Amino acid sequence: MVKKKQNPYHINYKEGIVENCLLQIRNTGCCDDPRVKNVWTVDIRARDSQQFIEFIRLNIQSNDPVSFQHIKRIKKGEESGVLTVIVCSKLLIEEQDDFLLLMKDAPFEYYNANDHSAVPTAAPSTKELSLKWSALYWPLVWRGNPNDQIMNDYVFDMAFIRNTLTTLSKVSLDQAEKNASDPPVVSAFVSPNGRRVIYSTDSRCSTSPLDHSIMQGIRSVAASEHERQAKNCDQAEETYLCLNFDVYTTHEPCSMCSMALIHSRIKRCIFLQPMRNTGALESQSGDKYCMHNNHALNSKYEVFRWLGSEYPVPEVNSDICC
Ligand SMILES: [Zn+2]
């Protein structure tokens, strides 16, 4: 975790811009959704609070899918000397019998076990919202805007990014000149160590209508992986195809391609040209899916759009899915 002042990059936290040129693409529509979930609570005596905290640390904390970092686990109970405490989320333990089984080993007395309380699983983005949700649901802790920390933890190789975008722009302009039928959409798939860079172009008119450049790129990564394993007789276990890859692309991907990137478990996508009608990443684009940061999906990736005009790409018709 990098402290704001020590961050080597220039970050505009308010606008979400890194080094004045990479705009963080977020699902702004869901920022104020608390995504409330029920939790198991019990009442304990105030003098047992240390034992409760130790019990949680040993038995629950690392397993619970809900992070309670922005939630106070302990609040005052209705009677004096009594505390109401959150043991775990219902996502971790669904059935009452299982919950009671867990509590059998608790080194403190407890009363009134129930799953009636609901807490916001999303961390609020402003102090005002934190106060509002505390009053509405359950007391929260305000630790500053959670997105500031997300931005702080990003790592960029700016020289590599610029080089890759230079190539994308060049190949895309060449493609437009040579080939009038396929859209001049070009992508680059970069392996996590940066050693393998696979470029792909769109060939929907020459091959199949589904051969968008991202789909072609995923296929090329698969072929290259297959070849590598065959050569090394590598019995590497099956894993997600593009796990932790960075994907660069000239035009904002469509819903099919951005979903395929979810399934491939990429780390980051950087694109040049927003596609307002057909794109599926920006919150103003297409059907406003924000596919990379959609809470209905079980995986996410980072997305940035390059601001500025150093890397021109040919226009494609606004109704074309890229
Ligand atoms: Zn596409």
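Are Tyr9 and Phe156 buried or exposed? Both of them are buried. Keep in mind that this is a predicted model.

Searching the whole structure turns up nine aromatic pairs. One of them is Tyr9 with Phe156, an edge-to-face pair with 5.4 Å from centre to centre and 90 degrees between the planes. This pair ties together distant parts of the chain, 147 residues apart. Tyr9 belongs to the segment before strand 1 (11-12), while Phe156 is in the loop between helix 4 (146-153) and helix 5 (158-178).

## A second pair

Now try Tyr154 and Phe304. Their ring centres are 5.0 Å apart and their planes meet at 80 degrees, which is over the 60 degrees needed, so this pair is edge-to-face too. Distant parts of the chain are linked here as well: Tyr154 is in the loop between helix 4 and helix 5, Phe304 is in strand 13 (residues 302-306), and 150 residues separate them.

How buried are these two? Tyr154 has a relative accessible area of 10%, which is under 20%, so Tyr154 counts as buried. Phe304 is at 0% relative accessibility, so Phe304 is buried as well.

## Joining up the rings

## Charges over rings

Elsewhere, Arg73 lies over the face of Phe68, at 4.4 Å from the ring centre.

Terms used. Residues numbered from 1 in each chain as written. Predicted model: local features only at pLDDT ≥ 70, side-chain atom pairs only at ≥ 80, totals over all residues. Heavy atoms only, no water. Phe/Tyr/Trp six-rings, centres within 6.5 Å; stacked < 30°, edge-to-face > 60°. Helix = DSSP H or I, 4+ residues; strand = E, 2+ residues; numbered from the N terminus. Buried < 20%, exposed > 50% of the residue type's maximum accessible area, 1.4 Å probe, protein only. Lys NZ or Arg CZ within 6 Å of the ring centre and 35° of its normal.
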